[in-house]
Amino acid sequence: MTPHYQPRFITFEGIDGAGKSTHIGFVTDYLQQRGVTLVSSREPGGTSLGEKLRELLLHEKMHLETEALLMFASRREHIAQVIAPALERGEWVISDRFSDASFAYQGGGRGMDLRKMEQLEAWVHPHLQPDLTFLFDVPLAVARARLDATRALDKFEQEQADFFAATRNEYLRRAAQFPQRFRIIDSTQSIADIQVQLAQLLDVLLEKSIATC
Ligand SMILES: Nc1ncnc2c1ncn2[C@@H]1O[C@H](COP(=O)(O)OP(=O)(O)O)[C@@H](O)[C@H]1O
Ligand SMILES: Cc1cn([C@H]2C[C@H](O)[C@@H](COP(=O)(O)OP(=O)(O)O)O2)c(=O)[nH]c1=O
């Protein structure tokens, strides 16, 4: 019989080109095959309003605090419409990025005061944090080469190496700050090796999430 699982919130993070999107489908399939009912979503976006904000955020120049506020506005809507209802229904939520991305990109990359970011986080989701965050980590040159090989670049992807160095450093700082939920994936490995590692980490979470009644 398929076990019943407590709801879990999983996020995917990393600098552009680290390989995050490549593995979301694998994780979704892996969990669904084991009987997990889930919602897969993304930020900025995930709702009708959020997708409109995403268009602005990825293509319009704006003040860095405007950018942070819009990221959190999109997130507020995403939590209200998608994340919280799914968790309340007992489902799992997988989000391609969440607040760690704001700390890393607007805080690390753009240099916004992290105390202001903490205030936004405390305002928008005082009681919600991911249960598990996969941080896909690669050297900048590897990420850049992967991006250049694949797609037209958006506003963030056109940033320079120092921006991504600061973004990556902030991600790694947060991973060290919250080791209980972060799992760093060395994304220079092959896709197959990464999937073996992801499966092991998911098995641990599944085992811990089996509902006892
Ligand atoms: N481990 C890997 N080894 C080689 N290429 C990879 C690996 N992971 C991802 N890629 C390739 O790099 C590109 C960017 O990956 P993607 O998952 O879109 O990155 P992200 O979502 O983190 O921006 C894609 O063409 C993808 O196929
Ligand atoms: C959620 C979030 C994303 N971002 C940026 C990171 C990415 O460059 C961009 C969109 O993320 P992403 O969905 O990873 O882009 P792609 O579709 O190209 O894989 O938004 C922030 O700067 N702050 C945030 O809070």
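Now some housekeeping. What you see is a predicted model, where local features need pLDDT of at least 70 and side-chain atom pairs count only at pLDDT 80 or more, while totals for chains, interfaces and linings use all residues. Residues are numbered from 1 along each chain as its sequence is written, chains are lettered from A and ligands numbered from 1 in the order in which they are written, and side-chain values use heavy atoms, with hydrogens and water left out.

Okay, ligand 1. The shell around ligand 1 splits into 4 nonpolar, 8 polar and 4 charged residues. That makes 16 residues around the ligand, and Gly 17, Gly 19, Ser 21, Thr 22 and Thr 150 come nearest; being near here means having a heavy atom within 4 Å. Then there are the polar contacts, that is, pairs of N or O atoms within 3.5 Å (within protein, one must be able to donate a hydrogen and the other to accept it, and residues adjacent in sequence count only if both atoms are side-chain atoms). A polar backbone atom of Gly 17 is 2.8 Å from an oxygen atom of ligand 1, and for Gly 19, too, a polar backbone atom is 2.8 Å from an oxygen of the ligand. With Gln 189, a backbone N or O atom lies 2.8 Å from a nitrogen atom of ligand 1.

How much of ligand 1 does the protein bury? Taken alone, ligand 1 exposes 570 Å², and the protein buries 77% of that; these areas use the Shrake-Rupley method with a 1.4 Å probe, and for residues only the protein chains shown count as cover. Helix 1 (20-33), helix 6 (140-150) and helix 8 (191-209) are the elements giving two or more residues to this shell, and helix 1 gives the most, with 3 residues. By helices I mean DSSP runs of H or I of at least four residues, and by strands runs of E of at least two, numbered from the N terminus.

On to ligand 2. Around ligand 2 there are 18 residues, with Lys 20, Arg 97, Ser 102, Gln 106 and Glu 157 nearest. By class, that shell has 6 nonpolar, 3 polar and 9 charged residues. Here side chains make the contacts I want to show: an N or O atom in the side chain of Lys 20 is 2.8 Å from an oxygen atom of ligand 2, and a polar side-chain atom of Arg 97 lies 2.7 Å from an oxygen atom of ligand 2. Gln 106 has a side-chain N or O atom 2.8 Å from a nitrogen atom of the ligand. Alone, ligand 2 exposes 550 Å², and the protein buries 93% of that. Helix 1, helix 2 (48-59), helix 3 (64-88) and helix 4 (99-109) each give two or more residues to the shell around ligand 2. Which helix gives the most to the shell around ligand 2? Helix 4, with 4 residues.

Let me go back to Arg 97. Arg 97 is in the loop between strand 3 (92-96) and helix 4, and its phi is near 80°, a positive value in a residue other than glycine. Pro 44 is in the loop between strand 2 (38-42) and helix 2. For context, most residues other than glycine have a negative phi, and most peptide bonds are trans.

How values were computed: Ala, Val, Leu, Ile, Met, Phe, Trp, Tyr, Cys and Pro count as nonpolar, Asp, Glu, Lys and Arg as charged, and the others, Gly among them, as polar.
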